[in-house]
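Good morning. Please have a look at the structure.

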Amino acid sequence: MTVTYTARVANARFGGFSQLLLLWRGSIYKLLWRELVCFLGLYMALSAAYRFVLTEEQKRYFEKLVIYCDQYASLIPVSFVLGFYVTLVVHRWWNQYLCMPLPDALMCVVAGTVHGRDERGRLYRRTLMRYAGLSAVLILRSVSTAVFKRFPTVDHVVEAGFMTREERKKFENLNSSYNKYWVPCVWFSNLAAQARREGRIRDNSALKLLLEELNVFRGKCGMLFHYDWISVPLVYTQVVTIAVYSYFLACLIGRQFLDPAQGYQGHSLDLCVPIFTLLQFFFYAGWLKVAEQLINPFGEDDDDFETNFLIDRNFQVSMLAVDEMYDDLAMLEKDLYWDATEARAPYTAATAFLLQQPSFQGSTFDITLAKEDMQFQRLDGVDGPLGDAHGDFLQRLLPVGAGVTAGGLLGRRLSLMRRKNSCVSETSTATSCACAGAPDGAAPECGCGDPLVDAGLREPEPELPAGPELPVLGPAAAEPFTTVSMPAPRGPAPPWLPSPIGEEEESLA
């Protein structure tokens, strides 16, 4: 049975974990006491031999050996190797639990998609969930010693009611040398297809949903099989075990207390029991024992998974969900907060203080700013309304370089944008510019008739290079050109519309 102590540590308090140190079942003492007694016995035997058996010459040689072992034992990277190994094993242990095939999602889909309150509909639903449970039993008896002891043969599975005798014949007649835990999943698929043909499953979308949940269930069974097949690499386990055992074998000699009269450095105190060496053994060897217990959680240790309990629980709740609870609904009634504008469940006297705590709005809601810090600022740092900075801000976005001074395309765009922005002024509400009524041939006073206001920005028109004249190709060249009437120019655009820069660039060409 899994050791659960969650309720003991629900609230953090002084010495909260100290009450867990006295538990025996599932504790480190139960796992490690044999190794600890063995290590302490060997240490005391060497200490007694050094003190009472060896001669003086042998003692001097043993003392040199002790100093040598104590000096070089630290070269063994015990904590480094052991830490990575235990992290890998714990991660693998939790992932194996996540792969346990639980039928909760599948049974809800079966109850909602396979219809019929008659005996045939009930038979469909119960058989589908029995096939799912059978697949879980077959894979768990392949990886768990506890489940295998409960169902050592297929006959025990038949007698337990997970498989009928006719199904057993089909199962055994299937010619395959591999693990056949997947066979009930195929039966599930075939039976679901038959229910669809009979109309028990009303549409293909429901059938698709049912088979998708089955694939998730079957995938977890397959992952359990692969976790059992692919273990942590043996070389890694061997390296960690050798590192721990060799380190404490060196500590058996290197941590011996020597005669203080000899004047060895660090040996001024003579004790019989190496307290800190025992603590170090307790930590490192206990760490290795943790990995040893968690590397295969499908055994019979105190903290291994309760596979037989899960089989019983899953089989019972799946049958209840698809049989007794099928189409079993309570009468619809208005809830307690039907007319309430703000629904809130009541609190007991022990939790009434929670009502006084404000609801969390976000971490920035407690920040306060001075009034002057909340004013918007112009990007160019000039005083005035924020909207007047549009032209200057646009000018700073466009780089002023050789392209502008030489009258390139970027310079044309900038000059046109300047002119259009200048036209949107106090007189922009008029229907046209003031110079629009000037007579033909008269030069406009405002200069808006010139596409390029700045003469320095004018780009000289390139002269075409002289070359041979093109030959006239037959009589077709003498035909007159077709005259196409151009559309009349449009009137001035309203001031709220964007400037048609592209059209003026075409006129410049």
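A cavity here is a set of grid points where a 1.4 Å probe fits but cannot get out, and its lining residues have an atom within 4 Å of a point. Keep in mind that this is a predicted model.

I start with the packing. In general, nonpolar side chains in soluble globular proteins tend to be buried together. The largest nonpolar core here has 50 residues, and the members that touch the most others are L106, V110, L140, F188, I201 and L210. At least two residues of this core come from each of α4 (104-113), α5 (119-143), α7 (154-159), α9 (183-197), α10 (204-229) and α13 (307-324). α5 supplies the largest share, twelve residues.

Take L106 as an example. Leaving out residues up to four places away in sequence, L106 touches M129, A132, F188, L210, E213, L214 and F217. Another core, of 26 residues, lies apart from the largest one, and Y85, V232, F257 and Y284 are among its members.

The largest cavity holds about 130 Å³ of space. Its lining has 15 residues, and G133, A136, I311, N314 and F315 lie nearest the centre. Which of them gives the most? That is α5, with six residues. Sorted by class, the lining has twelve nonpolar residues, three polar ones and no charged ones.

Terms used
Residues are numbered from 1 along each chain as its sequence is written. This is a predicted model: local features need pLDDT of at least 70, side-chain atom pairs count only at pLDDT 80 or more; totals for chains, interfaces and linings use all residues. Side-chain values use heavy atoms; hydrogens and water are left out. A nonpolar core is a set of buried Ala, Val, Leu, Ile, Met, Phe, Trp, Tyr and Cys residues joined through side-chain atoms within 4.5 Å. Buried means under 20% relative accessible area, exposed over 50%, partly exposed in between (1.4 Å probe, protein chains only). Helices (H or I, at least four residues) and strands (E, at least two) are DSSP runs, numbered from the N terminus. Contact means heavy atoms within 4.5 Å. On a 1 Å grid over the protein atoms alone, a cavity is a set of points where a 1.4 Å probe fits but cannot get out, and a pocket is an open set with protein on both sides within 12 Å along at least five of seven lines; lining residues have an atom within 4 Å of a point. Grid points are joined across faces, edges and corners, and a volume is the space filled by probe spheres set on the points. Ala, Val, Leu, Ile, Met, Phe, Trp, Tyr, Cys and Pro count as nonpolar, Asp, Glu, Lys and Arg as charged, and the others, Gly among them, as polar.
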